[in-house]
Amino acid sequence: MEGEIHNFIVVWVIVLASLCYSHTIAKFLPKGKSRFVAIIPIVCLFFILPLYLTSINLGGNTSFFIAWLANFKLLLFAFGKGPLSSTPPLSLSTFIPLACLPIKFQQYSTSHVETTKKTTNSTLNIVTKISLLAMLIRVYSYKDYLHPRIILFFYCLHIYFMLEIILTMVSATVRGVSRVELEPPFDEPYLATSLQDFWGRRWNLMVTNILRPTVYDPVRSMVANRISRKWAPLPAVLATFSVSGLMHELIFYYIGRLKPSGEVMMFFLIHGVALSLEIVIKKVFNGKFLVPRIISGPLALAFIIFTSFWLFFPPFLRGNTELKACTESLAFLEFIKYGKLISPINITCPLL
């Protein structure tokens with residue numbers, strides 16, 4: 001565990017130095033090919049660095065932040081686009097967190113009452129999610145008495161709770177230090193009324209907001225001159241889900257170090273096709289035929305859960321990922337409690 005923390009520190013020191021370099025070259029190189037050539041080595045480096053981390057929590061989050069988010073933002077930055085490009089140029093203290101964290105720059109302009117209300121709601125939300133996560137971990141002690149499908153459903157909730165807890169805690173830290181507002185990670189995805197609503201407006205919004213300018217918008221612009229603008233979103237949606245599938249395969253490899261099976265890619269391709277069909281149906285009927293939300297919402301969630309059980313979770317769990325994450329989390333709690341690092345092999349996880 002000590003070696004992993006040492007590697008984690010070294011990796012992030014390199015990340016910070018690389019982002020300082022990226023920020024500096026913008027002063028000397030104009031946007032376009034020259035800046036792109038100068039940034040490409042950093043992009044390659046950010047794909048390599050996660051390989052030096054083997055833990056689920058440290059390695060998984062780092063790979064998501066730098067191999068996906070930071071790389072996509074830097075590629076946009078090379079051509080003068082995306083959140084890292086602005087006039088006047090961003091300060092280094094703003095550039096770095098914007099580059100490697102899923103955040104949206106927003107100076108405080110709301111009233112004190114609105115800010116206090118937002119903070120209170122956020123605190124209540126995080127406390128609720130932590131309580132529910134603690135209950136889930138307790139339920140895992142009885143996994144031998146539960147149907148495997150129920151356990152998989154609990155894993156769905158576990159991932160959702162963990163992502164929102166981690167990103168909300170990071171949000172609070174960034175907001176307090178640099179007055180940069182973190183993009184809301186989720187918007188109550190369980191209230192989605194369709195696949196389009198789920199993927200486009202509610203689930204993992206930081207990924208949605210980075211895939212839109214890097215994949216969706218360019219593809220839609222390219223095909224708009226070749227096919228009707230009415231149908232241009234369809235190939236853009238398929239391209240976006242294909243890239244998302246490739247990036248998820250990469251993140252899963254960083255986490256489990258297992259040969260990609262293609263199941264995660266297939267999961268996102270299926271959802272890309274399904275969402276495209278949903279868009280076609282909406283455009284053909286032009287609002288004349290609408291499925292009631294009370295029906296379309298549960299159907300969309302059922303489809304997402306079914307395909308997750310079928311294609312998303314098997315490769316994720318194949319390397320005993322949930323056991324590793326559990327023991328790592330418990331080891332960290334022991335460190336907080338006793339002030340010393342304990343090897344995960346000496347920790348008993350409720351999943352065992």
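## Exercises on salt bridges, helix packing and a surface patch

In this predicted model, Lys 282 and Glu 278 are both part of helix H10, four residues apart, or about one turn of the helix.

**Exercise 1.** State what joins the side chains of Lys 282 and Glu 278, and classify each residue as buried, partly exposed or exposed.

Solution.
1. The two side chains meet in a salt bridge, at 3.3 Å from N to O.
2. The cut-off for a salt bridge is 4 Å, so the pair at 3.3 Å qualifies.
3. Lys 282 has 38% relative accessibility and therefore counts as partly exposed.
4. Glu 278 has a relative accessible area of 16%, so Glu 278 is buried.

**Exercise 2.** Find the salt bridge between Arg 318 and Glu 263 and say which parts of the chain the pair links.

Solution.
1. The side chains of Arg 318 and Glu 263 meet in a salt bridge of 2.9 Å, N to O.
2. Arg 318 sits in the loop between H11 and helix H12 (321–338), while Glu 263 belongs to helix H10; they are 55 residues apart, and the pair links distant parts of the chain.
3. With a relative accessible area of 47%, Arg 318 is partly exposed.
4. Glu 263, at 18%, is buried.

**Exercise 3.** Describe the salt bridge between Arg 201 and Asp 197, and name the network that contains these residues.

Solution.
1. A salt bridge of 3.6 Å (N to O) joins the side chains of Arg 201 and Asp 197.
2. Both residues are in helix H7 (residues 195–202); because they are four residues apart, about one helical turn separates them.
3. Arg 201 is partly exposed at 49% relative accessibility, whereas Asp 197 is buried at 8%.
4. Asp 197, Arg 201 and Arg 202 are linked in a network of salt bridges.
5. The whole structure has four salt bridges.

**Exercise 4.** Work out how helix H9 (residues 233–256) runs relative to H10.

Solution.
1. The axes of H9 and H10 come within 8 Å and cross at roughly 160 degrees.
2. Angles over 145 degrees count as roughly antiparallel, so H9 is roughly antiparallel to H10.
3. The crossing of H9 past H10 is right-handed.

**Exercise 5.** Locate the nonpolar surface patch and identify the elements that give two or more residues to it.

Solution.
1. The patch is formed by Ile 281, Val 284, Phe 285, Phe 289, Val 291, Ile 294, Ile 295 and Leu 299, with about 810 Å² of accessible area together.
2. Helix H10 (263–285) and helix H11 (293–317) are the elements that give two or more residues.
3. Ile 281 lies in helix H10 and, at 47% relative accessibility, counts as partly exposed.

How values were computed
Residues are numbered from 1 along each chain as its sequence is written. This is a predicted model: local features need pLDDT of at least 70, side-chain atom pairs count only at pLDDT 80 or more; totals for chains, interfaces and linings use all residues. Side-chain values use heavy atoms; hydrogens and water are left out. Patches are made of residues with over 30% relative accessible area and no salt bridge: like charges are joined within 9 Å, nonpolar side chains (Val, Leu, Ile, Met, Phe, Trp, Tyr) within 5 Å. Accessible areas come from the Shrake-Rupley method with a 1.4 Å probe; for residues, only the protein chains shown count as cover. Buried means under 20% relative accessible area, exposed over 50%, partly exposed in between (1.4 Å probe, protein chains only). Axes are lines fitted to C-alpha atoms, for helices over the stretch in contact, and angles run from 0 to 180 degrees between N-to-C directions. Angles under 35 degrees count as roughly parallel, over 145 as roughly antiparallel, 65 to 115 as roughly perpendicular and the rest as oblique. A crossing is left-handed if the near helix is turned anticlockwise from the far one by less than a right angle, and right-handed if clockwise.
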